[in-house]
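Subject: Structure handover

Hello,

Here is the structure we talked about. Please look it over, then read my notes below.

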Protein chains: 2
Amino acid sequence: MKQRVSLITLGVNDLGVARQFYETLGWKTGAEPGDDVVFFQAGDMVLALWDRTRLAEDSCVEDGGGWGGTTLALNFGSTEEVDEILEEARAAGAKIGRGPERTFWGGYSGVFIDPDGHPWEIAHNPHWTITDDGGIRL
Amino acid sequence: MKQRVSLITLGVNDLGVARQFYETLGWKTGAEPGDDVVFFQAGDMVLALWDRTRLAEDSCVEDGGGWGGTTLALNFGSTEEVDEILEEARAAGAKIGRGPERTFWGGYSGVFIDPDGHPWEIAHNPHWTITDDGGIRL
């Protein structure tokens, strides 16, 4: 199995609210206003927003109703960018879980929670390389 | 906020079991045998395995105990590859949730559930482009 992820789908309760949140953070989609799924090109993969009940059915899982063991992170080249993005997320309506702060692994990060409870760590990790187009190399 | 995901962390109950599952599927990590987190380079992002309890604390969320609204997918260029990967996942100990089968969106896919309950859709989507190095373009 190739060592990749093609698509991350986040289950949402109100697609309009979720879409507006990510668009407020600057993300662009080609989805039409009435589409029932919203795809965002994210580097060489795709992030989708879709109805959480339908996603659970399609994924053949029972919905635990809260967080379920998956956290996303977005890395930046400086602590100042981490500060800025967390402020943007707060202004867009996210709950700030923690930080920004120094972390136990020698970096700097904070966590915001999106309108559907999906956590995003916004991080500066001095041990990882950010490529010219924004990708990550271990 | 840049339109990317740098890192997906999957919370796991037994890191050795989870690591062995992904390694059996052919994934390579530079992690040492005793490391408490396992990173896999996945295209221009990273997928990590980490203790689920610690991930919940670090993500500032309550653990709902089951699935929590996030599903990953991995796309291939043919239905035959989808069949093969699902068989590999089954042989590695995954539960098969459904398929492989034709989907309502005009593709072909199946779902496997990893040892920690994380679902992966293995898909052929004729509407999307797979780049030479395995990435996805909408």
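Predicted model: local features only at pLDDT ≥ 70, side-chain atom pairs only at ≥ 80, totals over all residues.

Which residue in β1(B) is the bridge partner of A:Thr70? It is B:Leu10.

Residues are numbered from 1 along each chain as its sequence is written, while chains are lettered from A and ligands numbered from 1 in the order in which they are written.

**Between the chains**

β4(A) pairs with β1 (residues 7–12) of chain B. The sense is antiparallel, over 4 bridges. (Strands pair if DSSP finds at least two bridges between them. Strands (E, at least two residues) and helices (H or I, at least four) are DSSP runs, numbered from the N terminus.)

The contact takes 60 residues from chain A and 60 residues from chain B. (Contact puts C-beta atoms, placed from the backbone, within 7 Å.) On the chain A side, β4(A) gives the largest share, 6 residues. That side holds 27 nonpolar, 23 polar and 10 charged residues. (Nonpolar: Ala, Val, Leu, Ile, Met, Phe, Trp, Tyr, Cys and Pro; charged: Asp, Glu, Lys and Arg; polar: the others, Gly among them.)

**Within chain A**

Chain A has domain 1 (1–61) and domain 2 (71–133). (The bounds come from an automatic or database domain assignment.) Their centres, taken over C-alpha atoms, are 20 Å apart. Here 9 residues of domain 1 contact 8 residues of domain 2. On the domain 1 side, α1(A) supplies the largest share, 4 residues.

Best wishes

Key:
Contact = placed C-beta atoms within 7 Å.
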